[in-house]
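Here's a quick briefing on how two protein chains sit together, plus a look at a few individual residues. Have a glance at the model, then read on.

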Amino acid sequence: MNRLQKLFSEKKSNLLSIYFTAGYPSLNDTATIIEALQDSGVDFIEIGLPFSDPIADGPTIQQSSEIALENGMHTTLLFDQIKDIRKTVSTPLLIMGYINPIIQFGLEKFCQTCHQIGIDGVILPDLPMQEYLESYKSTFDKYGICNIFLITPVSSTERIQWIDENSNGFIYMVSSAGTTGARAGVSDEQSSYFEKIQKLNLKNPTIVGFGISDKNGYEKACLNANGAIIGSAFIKMLSGSTNLKSDIADFIKGIKS
Amino acid sequence: MTQYSVDERGYYGSFGGAYIPEMLYPNVEELRQKYLEIINDPSFKEELDQLLKDYVGRPTPLFLAQRLSAHYKTNIYLKREDLNHTGAHKINNTLGQIILAKRLGKTRIIAETGAGQHGVATATACALMGMQCIVYMGEIDIKRQAPNVYRMKLMGAEVRPATCGSKTLKDATNEAMRDWISNPVDTHYIIGSVVGPHPFPDMVARFQSVISEEMKWQLKEKTGNEDPTHIIACVGGGSNAAGAFYHYLNKPKVKLVAAEAAGQGISTGHSAATTFLGKTGVLHGSKTLLMQTDDGQITEPYSISAGLDYPGIGPIHAHLFETSRAQFIAITDQQALDAAVMLSRMEGIIPALETAHAVAALDYLELQESDVVVINLSGRGDKDLQTFINSGII
């Protein structure tokens with residue numbers, strides 16, 4: 001059982017996760033942001049590995065990815081920046097990105113490095129379950145890395161159950177049809193989708209992401225799921241930040257208070 | 001025997017697949033389940049064939065280029081896709097896909113375009129069918145290809161700029177995919193080449209296969225043999241090449257030649273020669289050869305011809321390359337320009353700059369007097385007039 005699985009066995013509700021893009025706003029902010037998120041009581045953290053063509057992301061994360069790449073972020077550098085992170089951080093950590101940079105880095109080497117550093121899971125939206133099971137799962141399993149899969153309002157019940165069956169961390173519930181990015185609140189239609197999923201009694205915890213931007217969205221998501229993920233809204237805050245530590249603390253306080 | 005068509009899992013050898021976010025799964029899965037049934041339906045074939053005949057002007061001629069043949073001391077035929085309505089082969093695919101979209105109950109069409117040829121072909125099909133049409137185009141390409149933007153608008157399409165990344169074709173493709181993610185029910189995405197998640201590469205290849213289907217009987221009529229010795233086509237994503245090769249893939253005696261854009265030269269850093277410079281990776285839903293950094297970031301390709309300016313090739317072509325079924329030749333900007341002038345002056349046919357790469361490949365082949373070479377003349381060169389003028393060759 002890794003940190004992520006341990007977290008879900010101990011805490012069942014109101015989980016809060018934050019996504020940020022590594023290398024943004026400045027190249028070497030990675031460890032500072034992770035530590036500040038831990039200090040402010042976030043339950044788990046998604047470190048975005050930037051990609052040149054992020055098709056599942058909206059404008060905010062497209063821009064943060066573009067700037068991070070311009071700043072010089074790449075896979076080897078990210079691992080170097082966080083190689084000692086477990087000396088100060090015990091919060092579960094995931095890497096979220098796209099499959100191509102991982103193929104180029106080498107799948108085995110990637111999983112091995114994640115294991116050595118203490119990365120607990122990965123989220124790769126363009127690696128679908130079928131491909132994962134056929135060609136990737138055995139390597140992720142060998143190094144104890146959870147691979148997190150998405151479900152959406154248009155996923156069939158049968159497919160959701162199949163994804164649940166083959167998942168071992170949590171289920172990432174995409175809140176509505178669309179890419180990442182802040183949307184205005186959580187609609188009634190979305191709430192009924194959340195309720196539908198809750199009634200399926202999945203074996204994995206469910207965390208809602210995409211379009212959750214504030215306290216209200218977080219609380220609504222938590223009514224029918226185990227927690228929520230905030231990404232774009234956090235990145236927008238970072239873009240205007242002059243003091244990362246205190247601004248991050250204030251942002252999280254604003255969600256959780 | 002090596003298989004060149006797509007397998008049940010959506011792969012050509014080790015290339016292809018459907019690497020898509022879960023949000024796109026229902027759309028792509030619906031297509032996968034239904035596309036063969038729909039396009040093999042006799043009433044579908046009838047509707048498409050009628051349009052290809054009466055609206056597009058098919059069959060396109062197979063023309064014996066006598067002066068060009070004499071120059072190369074062989075027999076060279078030109079498959080005149082440039083004579084299609086809208087001036088290129090692209091319309092074969094957009095008409096097929098729009099009829100398919102209607103039968104799937106879709107009411108809204110999206111497409112990506114680089115130079116604007118596929119955008120124009122999509123806008124044309126949408127105007128014909130009375131469907132809403134949104135074309136994504138890189139902000140830089142919108143400026144570079146203004147006449148095509150106005151053609152699309154004139155036919156009622158909305159042209160939306162892709163303002164992120166390199167602001168060219170790959171970014172327009174990203175934007176189209178994001179649109180499809182956000183509009184999963186009413187929208188069909190008409191991809192313009194043999195790229196994207198399965199079943200798009202196979203579907204687009206099937207719609208373009210009309211090119212080699214006609215070649216077979218036209219060659220039989222003209223030479224007594226339906227098989228040529230060589231087929232030459234240019235490859236960006238590779239839709240015209242896929243169509244020209246399609247019915248000859250399993251005839252090893254027919255040499256398949258793919259002309260890629262070397263740009264300013266393969267090793268100059270300004271090139272789009274994917275098989276020479278690319279590595280296996282995943283982009284826009286399929287595993288294929290891609291131009292990228294060591295770190296897996298997709299790089300911006302360069303070619304004088306915007307239609308070859310794509311950082312990957314369709315998975316079918318990656319497979320043809322890997323199995324050596326097709327010979328890949330990299331043609332520089334200058335070679336393409338020279339070939340365009342040659343064809344213009346020898347045959348009175350101004351080819352698109354993309355197509356000129358295929359013509360230039362003739363110089364690399366050791367042709368015999370008895371050989372029968374077909375060049376797929378994929379598009380006409382009117383759109384490239386300004387580039388010809390700027391290059392100083394006129």
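Let's start with Asn174(B): apart from its neighbours within four places in sequence, it is in contact (heavy atoms within 4.5 Å) with Asp53(A), Ile55(A) and His284(B). Bear in mind that this is a predicted model, where local features need pLDDT of at least 70, side-chain atom pairs count only at pLDDT 80 or more, and totals for chains, interfaces and linings use all residues. Residues are numbered from 1 along each chain as its sequence is written, chains are lettered from A and ligands numbered from 1 in the order in which they are written, and side-chain values use heavy atoms, with hydrogens and water left out.

**Around Asn174(B)**

- You'll find Asn174(B) in helix H8 (residues 169–182) of chain B; helices (H or I, at least four residues) and strands (E, at least two) are DSSP runs, numbered from the N terminus.
- Asn174(B) is buried, at 2% relative accessible area (buried means under 20%, exposed over 50%, partly exposed in between, with a 1.4 Å probe and protein chains only).
- Its side chain makes a polar contact of 2.8 Å with the side chain of Asp53(A).
- A polar contact here is a pair of N or O atoms within 3.5 Å; within protein, one must be able to donate a hydrogen and the other to accept it, and residues adjacent in sequence count only if both atoms are side-chain atoms.
- Asp53(A) also forms a salt bridge with Lys170(B), with the closest N and O atoms 3.0 Å apart (a salt bridge is a side-chain nitrogen of Lys or Arg within 4 Å of a carboxyl oxygen of Asp or Glu).

**The interface as a whole**

- The contact draws 39 residues from chain A and 36 residues from chain B.
- Together the two chains bury about 2,900 Å², 53% of it on carbon and sulfur atoms; buried area is the accessible area (1.4 Å probe) that two parts lose on being put together, summed over both.
- On the chain A side, Asp53(A), Ile55(A) and Gln104(A) lose the most area to chain B, together 22% of what that side buries.
- The rule finds three salt bridges across the interface, and there are 20 residue pairs in polar contact between the chains (both at pLDDT 80 or more).
- Five elements of chain A each supply at least two residues to the side touching chain B: helix H3 (59–71), helix H5 (99–105), helix H7 (129–142), strand S5 (146–151) and helix H8 (157–165).
- H5(A) gives the most to that side, with five residues.

**Gln297(B), another residue touching chain A**

- Gln297(B) sits in the loop between strand S12 (286–290) and helix H13 (315–322) of chain B, and is buried at 9% relative accessible area.
- A polar atom of the Gln297(B) side chain lies 3.1 Å from the backbone oxygen of Pro50(A).
- Not counting residues up to four places away in sequence, Gln297(B) touches several residues, among them Phe51(A), Ser52(A) and Leu69(A).

**Chain B overall**

- Chain B has 16 helices and 14 strands.
- Of its 394 residues, 64% count as buried.
- Its C-alpha trace spans about 55 × 45 × 45 Å along the principal axes.

**Thr88(A)**

- Thr88(A) lies in the loop between helix H4 (75–81) and strand S3 (93–96) of chain A, and is partly exposed at 45% relative accessible area.
- The side chains of Thr88(A) and Glu35(A) are joined by a polar contact of 3.1 Å.
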